[in-house]
Amino acid sequence: MSERFLTRNIPAKREDRKTLSFDDYVATGGYGTLKKALLMSPSEVVDIVKTAELRGRGGAGFPCGLKWTFLPEPDGKTRYLCINCDEAEPGTFKDRLLVDFDPHSVIEGIAIACYACQLDCAYFFMRGEWATQAKIMQKAIDEAYAGGIFGSQGLMHGSSDFAVECTLHRGAGAYICGEETALLEAVEGKRGWPRIKPPFPAVKGLFGRPTIINNVETLAAVGQIVERGADWWQSLGCKSSVGGPASYGVKLMGVSGHVNNPDVFEIELGTTLRTLVDEYAGGMKGGRQFKGAIAGGVSMGVLGPDQFDAEMDFDIGPKYNVMGLGTACPTIFDEGTDMVAVARNIARFYKNESCGQCTPCREGADWIYKLLCRIEVGDGSMKDLDQLLEVAGSMGIMPGTTICGLSDGNSWAVRTIVNKYRSEFEDRCKPSLVAISP
Ligand SMILES: Cc1cc2nc3c(=O)[nH]c(=O)nc-3n(C[C@H](O)[C@H](O)[C@H](O)COP(=O)(O)O)c2cc1C
Ligand code: SF4
């Protein structure tokens, strides 16, 4: 696929990229889609997004239009949109591309979503470490105010009576603040501790008010869907081959690791990982063999050596035994990669990033890390390996022992690596301890 939609204003060559200002964006026809949306009723805009079956691009893949319909009727008091630009998932850097080079395409999506859902206050939550991106987005928000998009006069110079205020909120550097309810706590000025759901944010979110949380890429896609229509979106991507919801549209996929040309590529869902690596990311570095890949952010787990032809769509979880598509940003490993070290490195990340509220996550993450350190240096036993899998299998929303999905991410990452590369772990376990039996 050669035509690009979400990245239409971003040159393919890295050296040619620059941030589009408000004027640059308007010169490309930018904010024309907002104008179009404002000629429709809010519910008509929601219907287009719902009919397109756009699935959230932040990791969970929840249908965007459906989520919007969970909002109660407006009651005249403030309702919120939170834009999730935390993007702290290791190996994930797709939202940053839009923020760096085409921030107004995201702002246009924000304005359309606010109008459609009648949300009058938007908080753009930006990952704490991204000082440069915070400056770019603040400038773009200021330009959008000066250009009459946001502000008390009403959207788009008062084309609509509906007025939206937008504020940038910088995080303080915790991965957990990307989880939507931790994000709400952080915007409220508290420690980023996930909330127990229900109530869901659409009903009781920021400051106890109805709130929609959407990913940056999701909102950029909303703009294109309203511009081009639901049929157009459904003409791209693929239906499910396992009887699940479809994977329509295009997706930003950031490829990193052992490839010649790591970058973000916009491709149709359903494209195989092999095509993504060979035809987009310049092939395996040094012509070395593919050994595996983090499927889409470490939380999703890994694709094994025989899964290079996995289709990158929302069926990837059940078909290839990973948690899901996640952010669709794979990190590629070549034949020389030490998978025990990979597992230990990932476990260290989760040990550091667990917020500590739930015992299985807090203690489990620590135990997994300790066991992997022991196995990596050759001091582990087969019993340690079994214990590692037992601990990992007991933590997460899925076994029902934790509040949020950070723990599931830890569990899937560790279990898929151990299960798909088990012999590498067994080879590190002490032979004398392997021989011991009860
Ligand atoms: C530990 C954890 C971290 C997350 N980090 C992000 C993130 O950085 N960006 C994001 O959009 N979603 C992240 N999510 C998913 C959000 O909770 C939420 O599903 C998403 O922002 C909803 O937007 P969407 O429906 O447009 O995808 C994370 C979830 C978990 C459990
Ligand atoms: S699962 Fe982990 S990160 Fe999530 S709330 Fe519980 S302790 Fe915090």
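Q: Where does ligand 1 lie relative to domain 1 and domain 3?
A: To place a ligand, ask which domains supply its shell. In this predicted model, domain 1 (14–236) and domain 3 (339–435) both contribute residues to the shell around ligand 1, so the ligand lies between them.

Q: How many residues surround ligand 1, and which are the closest?
A: The shell holds 23 residues, and the closest are Gly56, Gly58, Gly178, Asn215 and Thr218. Strand E4 (residues 211–215) gives the most to this shell, with three residues.

Q: What is the make-up of the shell around ligand 1 by class?
A: Residues are sorted as nonpolar, polar or charged, with Gly counted among the polar ones. The shell around ligand 1 has nine polar, eight nonpolar and six charged residues.

Q: Which domains does the domain assignment give?
A: The assignment lists domain 1 (14–236), domain 2 (256–334) and domain 3 (339–435). For domain 2 and domain 3, the C-alpha centres are 23 Å apart. Their contact takes 11 residues from domain 2 and 10 residues from domain 3. On the domain 2 side, the residues touching domain 3 are six nonpolar and five polar, with no charged residues.

Q: Is Pro360 buried, partly exposed or exposed, and why?
A: Burial is judged by counting C-beta neighbours: 20 or more within 10 Å is buried, 12 or fewer is exposed, and the range in between is partly exposed. Pro360 has 18 C-beta neighbours inside 10 Å, so this proline counts as partly exposed. Pro360 lies in helix H15 (residues 359–376).

Q: Which residues does Pro360 touch, apart from those up to four places away in sequence?
A: Setting those neighbours aside, Pro360 touches Ser394, Met395, Thr401, Thr402 and Ser407.

Q: At what angle do the axes of helix H6 and helix H10 cross?
A: For two helices, read the distance between the axes and the crossing angle. The axes of helix H6 (residues 103–117) and helix H10 (residues 216–228) come within 7 Å and cross at roughly 75°. An angle of 65 to 115 degrees counts as roughly perpendicular, so H6 is roughly perpendicular to H10.

Q: Which residues of H6 and H10 meet?
A: From H6 come Ser105, Val106, Glu108, Gly109, Ile110, Ile112 and Ala113; from H10 come Val216, Leu219, Ala220, Val222, Gly223 and Val226. The residues of this contact of H6 with H10 are nine nonpolar, three polar and one charged.

Q: How many residues of helix H9 are buried, and what do they pack against?
A: Helix H9 (residues 180–187) is mostly covered, with seven of its eight residues buried. The buried ones are Glu180, Thr181, Ala182, Leu183, Leu184, Ala186 and Val187. They pack against strand E1 (80–85), strand E2 (121–126), strand E3 (165–170) and E4. Just after H9, Gly189 has a positive phi of about 90°.

Q: What phi do Glu53 and Phe207 have, and are they buried or exposed?
A: Neither is a glycine, yet phi is positive in each: about 60° for Glu53 and about 50° for Phe207. Glu53 is found in the loop between helix H3 (42–52) and helix H4 (64–69), and counts as buried because it has 20 C-beta neighbours inside 10 Å. Phe207 lies in the loop between H9 and E4, and counts as exposed because it has 12 C-beta neighbours inside 10 Å.

How values were computed
Residues are numbered from 1 along each chain as its sequence is written. Chains are lettered from A and ligands numbered from 1 in the order in which they are written. This is a predicted model: local features need pLDDT of at least 70, side-chain atom pairs count only at pLDDT 80 or more; totals for chains, interfaces and linings use all residues. Axes are lines fitted to C-alpha atoms, for helices over the stretch in contact, and angles run from 0 to 180 degrees between N-to-C directions. Helices (H or I, at least four residues) and strands (E, at least two) are DSSP runs, numbered from the N terminus. Angles under 35 degrees count as roughly parallel, over 145 as roughly antiparallel, 65 to 115 as roughly perpendicular and the rest as oblique. Two residues are in contact if their C-beta atoms, placed from the backbone, lie within 7 Å. A residue is near a molecule or strand if its C-beta atom, placed from the backbone, lies within 6 Å of it. Domain bounds come from an automatic or database domain assignment.
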